[in-house]
Amino acid sequence: MEMQNKWEFSVFIKIIILGLSIVGTFILNDIEYMPILFWGLVFEFIVQRNWKILKIYLPFYIILTIVRWLSRTYMFPIVVFSEFYIFIFWWLTPIFMAMHDIMTTSPSKISAFLSKIKTPKSFILGVLVACRFIPTVKSSIKGVNESMHNRELTGIKNIFLHPIRSYEYVLVPILMMSLNSADQLSASAVVRGIEAPFKRGSYYGDKMGLKDLIGAIVIIVTFCYMLYRGRVKCFI
Amino acid sequence: MKNKFSIKDIVTMVILSVLIVVLQLLVNAVSMVNTFFSLVLSSGIVCFLSAPIYVVMIKKIKKPFVTLVYTAILALLYLMMGYWFISVYLILVGLVCEIILYKRQIDKGIVMAWTFFSLAFVGTSMLPIWIMWDDYVKASLKGGMTMEYINSYKAYYTDPKWVIFIFIFAAIGGLAGSYYGNKLTKNHFNKAGVL
Amino acid sequence: MFYLKDVSFAYGEYSCLKNVSLKIKEGECVAIIGPSGNGKTSVVRTINGLIPNYFIEGKFKGRVCIGDKDANKLPMWQRGKFVGSVFQDPRTQFFSDTVEGEIAFSCENYGLENADIVSYTNSVIKDLRLEELKGKSLSNLSSGERQKVAIASAMVTKPKALIFDEPSSNLDNEGIDNLKELLKILKIKGTTMIFAEHRIYYLMDIVDRFLYIEDGKIAKEITKEEIKNISLFKQKEMGIRCPNKTTIKPLEKLSSKQNGKTSIEIEDLSLKIKGKNIINDCSLYANYGQIIAIIGHNGAGKTTLAKVISGLYKESEGKILIDGKKINYKRRNKKVWYSANETETQFFTNSLEKEVLVGIEKNPEQLDKARKLLKLFGLYEIRNKHPYALSGGQKQRLSIACALLSDRKILILDEPSSGLDYKNMSNVAEAIKYAASFGKTIFLITHDNELANACCTHYYNLSEEN
């Protein structure tokens with residue numbers, strides 16, 4: 001992981017972006033104005049210099065738009081995914097982008113934000129554990145796969161003839177590893193004062209600056225403009 | 001308080017819940033390639049596969065509200081994807097599971113709670129369609145699709161025969177999965193001294 | 001300053017500590033040594049409080065005092081301010097993704113202000129001379145560097161004492177040297193240190209006295225002089241590794257074709273992953289019955305080489321011939337057995353009997369062979385036990401038994417003696433020699449010179465060849 005990107009928004013702004021994206025998506029009346037939200041978010045990521053997310057979602061969105069247009073104009077049935085899912089992905093892309101950004105934020109920043117808003121320590125601990133556990137699961141699955149390869153258990157024949165047994169071969173080591181990890185992590189937290197009855201501090205502040213002001217303005221403007229053009233749904 | 005979660009309980013719950021959630025999301029994602037699979041079969045399969053992890057979690061921690069914490073974590077994830085209505089739904093489901101588990105013999109309670117959860121899990125596929133259907137219809141009609149073609153997607157959820165089959169399949173998945181989970185914990189985790 | 005009086009701890013029927021009493025003065029460095037499973041870790045856990053406050057299922061008796069305070073009357077978080085803990089595997093203890101974040105973890109828990117947290121963290125980084133690690137991600141560090149971060153993280157709240165639970169278990173020689181340097185700094189600062197270890201050569205300049213524990217009791221106290229002059233016989237009996245740093249004995253090098261039946265030939269092997277040259281033009285020729293130590297410093301590519309030979313990775317260039325024939329990488333696992341470093345994800349069934357027979361045809365001949373192997377490795381009496389309930393040494397022996405039953409000609413074992421005491425390491429060495437007597441070619445990836453000296457016939461230094 002590289003040094004912290006100084007253009008990255010604070011967690012607070014990221015949550016606002018996600019929140020407004022969700023609200024905007026669901027109260028917009030005319031869906032054809034959704035792209036306004038998407039392009040607004042693209043601009044947000046350009047401000048943050050987050051090229052990784054743009055590299056994934058720009059092509060993704062453009063392809064989805066083309067596929068949707070083709071299927072509607074030429075009644076061309078989509079082979080792999082149904083039109084409904086294409087629609088859902090296209091519709092929810094801005095939300096996915098905002099969520100992806102939050103999920104890939106450094107856990108230190110997230111815990112700094114959570115301690116700033118005085119969240120209970122057990123919740124912060126839970127978030128830290130969840131963040132650092134996912135890469136551990138990935139490498140364990142790799143390890144199990146290599147062990148199964150060594151025992152000649154990964155053949156297609158094996159998996160099809162004995163699906164439950166094959167599943168057990170993967171599940172049991174992963175669960176054992178998980179329980180072991182849980183024991184060791186919690187022992188490590190306990191001897192380092194996790195139970196101390198004080199609100200948690202943080203090494204990394206989640207400092208806000210000009211970039212956050214820009215971020216906030218962009219999302220609010222995008223949100224309002226989208227609803228102005230596309231109108232709000234009538235819920236009565 | 002005997003029933004308060006210790007640090008070990010919290011870490012174990014989070015780790016195992018993350019495992020279940022990741023598994024559920026992966027299977028749901030993969031199943032999207034085929035409509036029949038994703039609308040009809042996925043709930044049953046997902047609940048069968050994730051049952052053993054749930055069983056281990058309940059048996060390891062042995063305190064109330066574990067299921068609720070798991071459904072809350074799942075709910076948080078759906079919330080971040082924009083499906084706020086599924087989040088609310090899952091919290092309610094979690095509460096009902098806790099009521100089922102309350103003061104019941106553990107093996108039986110797990111089977112009942114997880115079977116109920118599996119039935120309720122079908123809702124996570126159905127609710128998006130119900131809630132987002134009108135927008136989808138509007139957008140598709142505008143593009144020139146026929147109502148007939150659009151409705152064919154919803155066929156599984158509007159035909160009562162299929163709806164009943166979906167729920168039964170999900171319940172069987174949950175039931176079989178939790179029995180399998182109970183057996184697995186006895187054979188492996190109890191034997192190894194981990195539980 | 002630490003005082004244990006008549007401490008006993010038992011899990012059900014099994015007593016891990018029986019009336020242990022000891023006194024440790026402020027500034028003293030003490031090492032608790034003894035064979036595996038005899039109570040070393042339990043003693044250090046009573047000092048940092050994990051016994052009985054975390055391992056609540058057992059029965060605890062006795063008194064533990066820090067200064068004149070009854071330590072068990074203090075909540076764990078308060079005790080954590082007096083005693084820092086460093087465990088075996090730093091990776092399993094880390095919460096953060098960055099070095100500073102991890103070091104600052106305790107300060108954050110104690111609710112200090114941001115300015116104080118930053119100042120304490122920077123001060124411990126300076127004191128322990130870890131400036132070059134600043135700003136790095138934890139996943140990019142070597143095992144030795146991670147252990148240093150773990151120590152810094154334990155020291156950040158300026159505890160009076162540190163306990164170490166087999167800190168060198170997962171470290172290679174370079175990592176242990178770095179650990180020793182850090183411990184010297186701590187000793188000069190007057191930190192009280194208590195070690196549970198069986199690898200003691202790096203502690204000879206650090207520790208003041210040794211306490212030998214056997215069967216849950218402190219059997220005797222040994223001075224530094226006595227340990228230095230200990231006979232090999234006594235050393236084996238006590239389960240400790242050599243008190244002097246061992247160098248690998250002069251073994252035969254292995255880079256050109258030899259006389260005798262060649263089992264595996266590797267010529268000009270190269271592997272590129274994501275544009276990086278991991279393995280560069282390696283050549284090696286091994287015969288049947290040879291036990292080859294694959295050595296090289298961290299990051300030399302030893303594990304990667306093993307994975308290429310066993311077919312997990314496809315080579316970019318070069319060729320691998322087994323028994324004179326070229327085999328596609330997808331089918332190499334039929335001829336090559338690769339036992340990974342981690343034993344956690346290696347076993348699949350719920351009994352040793354079943355485990356040994358995974359993937360094996362269950363005919364009377366194989367069943368008989370399996371029985372013989374289990375008996376030979378001392379695993380037959382416990383054949384119904386779950387593989388995950390075994391000790392480290394037993395797991396390694398089980399892994400070798402499975403390898404032998406698979407009937408593959410080439411076995412690759414990755415760090416099989418990691419964390420093992422002397423007796424278990426010897427048993428593993430015997431098992432390996434037995435396997436070689438069947439004509440197998442065995443590659444041992446190891447930084448454990450004692451193991452290499454106990455059973456290897458040749459060596460191959462990947463750092464030199466790469």
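Helices, of at least four residues, and strands, of at least two, are DSSP runs numbered from the N terminus. On that basis chain C of this predicted model holds 17 helices and 20 strands.

**Chain C**

| Property of chain C | Value |
|---|---|
| Span of the C-alpha trace along the principal axes | about 70 × 50 × 40 Å |
| Residues that count as buried | 49% of 466 residues |
| Contacts (separation of 6 or more) between residues 24 or more positions apart | 73% |

A compact globule of 466 residues would have a radius of gyration near 23 Å, and the 24 Å of chain C agrees with this.

**Chain A**

Chain A is divided into domain 1, made of residues 11-106 + 206-230, and domain 2, residues 119-191. The C-alpha centres of these two domains of chain A lie 33 Å apart.

Helix α1 of chain A covers residues 11-27.

Which residues of α1(A) are buried? They are A:Val11, A:Ile13, A:Lys14, A:Ile17, A:Leu18, A:Leu20, A:Ser21, A:Ile22, A:Gly24 and A:Thr25. An α-helix has 3.6 residues a turn, so residues three or four places apart point the same way.

The cover over the buried residues of α1(A) comes from two chains. From chain A it includes α2 (34-47), α4 (83-103), α5 (107-116) and α9 (210-230). Chain B contributes α3 (66-80) and α4 (84-101).

Methods
Residues are numbered from 1 along each chain as its sequence is written. Chains are lettered from A and ligands numbered from 1 in the order in which they are written. This is a predicted model: local features need pLDDT of at least 70, side-chain atom pairs count only at pLDDT 80 or more; totals for chains, interfaces and linings use all residues. The radius of gyration is taken over C-alpha atoms; the globule rule is 2.2 Å times the number of residues to the power 0.38. A residue is buried if 20 or more other C-beta atoms lie within 10 Å of its own, exposed if 12 or fewer, and partly exposed in between; C-beta atoms are placed from the backbone. Two residues are in contact if their C-beta atoms, placed from the backbone, lie within 7 Å. The expected span of a helix is 1.5 Å times one less than its number of residues. Domain bounds come from an automatic or database domain assignment.
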